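Hi everyone, thanks for making time this morning. Let me put the chain up on the screen, and then I'll walk you through it.

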Amino acid sequence: MPVMTTRAPGPAVPPLLPRDSLTPAQRQILDAPAAGEIVVGGLPGSGKTLAAVHRALQLAAASPRGAGPAVLFLCFNQALAARVRELLLQGEPAARGRVMV
């Protein structure tokens, strides 16, 4: 007889805060030029992921429409990738579909 296991649901993903509620440091990330790299450091819970999700949505919205995703969002583990996907679902529909995690 097969054994079935279930996972308890994880913690609820907090809402994607509006851009105007971001800190000045987070807004600097959003206001950086679109070309090139940005290195962001900080302690756990400091808002790096939130700023990165807003940045990805902003870049996707600003990029020309074409085939395929406009932004590739890389994560260092599957748990973070799942959280990012859930946060992206709260973004603008036209932009969120153009971000690949």
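Predicted model: local features only at pLDDT ≥ 70, side-chain atom pairs only at ≥ 80, totals over all residues.

Residues are numbered from 1 along each chain as its sequence is written, and side-chain values use heavy atoms, with hydrogens and water left out.

So, the overall picture. We have four helices and two strands; these are DSSP runs, numbered from the N terminus, with H or I of at least four residues for helices and E of at least two for strands. Along the sequence the pattern reads α-α-β-α-α-β. There are 101 residues in the chain, and 26% of them count as buried, where buried means under 20% relative accessible area, exposed over 50% and partly exposed in between, using a 1.4 Å probe and protein chains only. Contact here means heavy atoms within 4.5 Å. Among contacts in the chain with a separation of 6 or more, 63% are between residues 24 or more positions apart.

Now for the helix pair. Helix H1 covers residues 24-31 and helix H2 residues 48-62, and they pack at about 30 degrees with axes 9 Å apart. The axes are lines fitted to C-alpha atoms over the stretch in contact, and angles run from 0 to 180 degrees between N-to-C directions. H1 and H2 are therefore roughly parallel to each other; angles under 35 degrees count as roughly parallel, over 145 as roughly antiparallel, 65 to 115 as roughly perpendicular and the rest as oblique. Who makes the contact? On H1 the residues are Gln26, Ile29 and Leu30, and on H2 they are Leu50, Ala51, His54, Arg55 and Gln58.

Staying with H1, take a look at Asp31, which is found in that helix. Is Asp31 buried or exposed? Asp31 is exposed, at a relative accessible area of 55%. From Asp31 to Arg55 is 24 residues in sequence and 8.6 Å in space, C-alpha to C-alpha.

For contrast, let's move to Val84, in helix H3, residues 78-88. Val84 is buried, with a relative accessible area of 0%. Which residues does Val84 contact, leaving aside its neighbours within four places in sequence? They are Thr49, Val53, Phe73, Cys75 and Val101.

That's my tour, and I'm happy to go back to any of the views.
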